[in-house]
Amino acid sequence: MPRKKKQPEKIAIPITDRSVIKQTNSMINSKYSLDPTQQKLILLAIAQINSDDDDFFRYSCTVSELEQKLGVELKESRLKDLAIDILKKPLFIQERGKWIACNWFSAFVYYTDQARFEFEISPTLTPYLLNLKENFTTFNIEQAIKFSGKYTTRFYQFLIQAQHQRAKKRTFELEELYELLQLPPTFREYKHFKSKVLEPSLAEINAKSDIKAAYEPTKKLRKKVLEITIYFDFKDALEAKTERATKVKNLKKYI
């Protein structure tokens, strides 16, 4: 029986300053639970991808570069814990007729003598990140990587998915939203979800990002909230609307 040829090891290429993230909507709406630093590392990895490529590359960066990109301090022990913990936290993608559970990365490699880190995205995610023609969302990593709240980046991605809609809003059944965010049982009561997850996330989005958001309950059963709708718009668009409204008001006064 002929021996299989050993596949050549991929050569790692340096990370770049690419800032555009492009991923399918089904990936944005998948179920997972990651801490803010883990989310930032994944966004950084996705930003390296040229969506026209046919395969993922292995990327390389020094620890100091990674710290600068993510805005966090990463000693070797913390980096190791971070990588191992991500591999324990798969994402679940639900599609018509199937669901997929997979890791974000196929490999992490750390070279101690060089303080250099390599990572490679799981090939299972190829159809969700490469050669995308429809049902995808594009946004800038600089907007999404600045958040410190555990759930803020998720809400930002949920909203930015509707950026090209005339009515910029997302409506969520709460039970479905709880599952997407993989909330612990203590946060699955509306009053706790509102005070610990929803309102802090929207407040951080309003303070740090290019959009402004607000929410309201849109379906109830007696006193129980079953559904919320989050409305948003880009801050520059809101400023332009305000300026136009002010001009109209002043013109009416003059007339």
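A: A salt bridge here is a side-chain nitrogen of Lys or Arg within 4 Å of a carboxyl oxygen of Asp or Glu. The model is a predicted one, and a search of its whole structure by that criterion returns 10 salt bridges.

One of them pairs Arg 58 with Glu 118, whose closest N and O atoms are 3.5 Å apart. Because Arg 58 belongs to strand E3 (residues 58-62) and Glu 118 to strand E7, this pair ties together parts that lie 60 residues apart in sequence. Buried means under 20% relative accessible area. Arg 58, at 12% relative accessibility, therefore counts as buried, and Glu 118, with a relative accessible area of 5%, is buried as well.

Another salt bridge joins Asp 85 and Lys 89, with 3.0 Å between the closest N and O atoms. Here Asp 85 has a relative accessible area of 26% and is partly exposed; Lys 89, at 24%, is likewise partly exposed. A further pair is formed by Lys 98 and Glu 95, the closest N and O atoms being 3.6 Å apart. Lys 98 is partly exposed, with a relative accessible area of 43%, and Glu 95 counts as partly exposed at 25%. Through shared partners, salt bridges also join Arg 58, Arg 116, Glu 118 and Glu 120 into one network.

Helix H4 provides the next part of the picture. It comprises 12 residues (76-87), and at 1.5 Å a residue it should span 16 Å; its end C-alpha atoms are 17 Å apart, which agrees. Within H4, the buried residues include Leu 79, Leu 82, Ala 83 and Ile 86. Viewed down the helix axis, the buried residues of H4 fall within an arc of 95°, so they line one face of the helix. Lys 80 and Asp 81, on the other side of H4, are exposed. The buried residues pack against helix H2 (36-47), helix H3 (63-70), strand E6 (105-111) and strand E7 (116-121). Strand E7 is thus a packing partner of H4 and also the strand that holds Glu 118.

The nonpolar core may be considered next. The largest one holds 72 residues, of which Trp 104, Phe 105, Leu 125, Phe 155, Phe 193 and Ile 228 touch the most other members. Seven residues of this core come from H2, the largest share. Leaving aside residues up to four places away in sequence, Phe 193 touches Phe 155, Leu 174, Leu 177, Tyr 178, Leu 181, Leu 183, Phe 187, Leu 198 and Ile 228.

As for the cysteines, Cys 61 counts as buried at 1% relative accessibility, and Cys 102 is buried with a relative accessible area of 7%. The structure holds zero disulfides.

Two loop residues complete the account. Asn 131, in the loop between helix H5 (126-129) and strand E8 (136-140), has a phi near 50°, a positive value in a residue other than glycine. At 37% relative accessibility, Asn 131 counts as partly exposed. Arg 222, which is not a glycine either, has a positive phi of about 60°; Arg 222 lies in the loop between strand E10 (211-221) and strand E11 (224-234).

Notes: Residues are numbered from 1 along each chain as its sequence is written. This is a predicted model: local features need pLDDT of at least 70, side-chain atom pairs count only at pLDDT 80 or more; totals for chains, interfaces and linings use all residues. Side-chain values use heavy atoms; hydrogens and water are left out. Helices (H or I, at least four residues) and strands (E, at least two) are DSSP runs, numbered from the N terminus. The expected span of a helix is 1.5 Å times one less than its number of residues. Buried means under 20% relative accessible area, exposed over 50%, partly exposed in between (1.4 Å probe, protein chains only). The arc is that of the directions from the helix axis to the C-beta atoms. Contact means heavy atoms within 4.5 Å. A disulfide is a pair of cysteine sulfur atoms within 2.5 Å. A nonpolar core is a set of buried Ala, Val, Leu, Ile, Met, Phe, Trp, Tyr and Cys residues joined through side-chain atoms within 4.5 Å.
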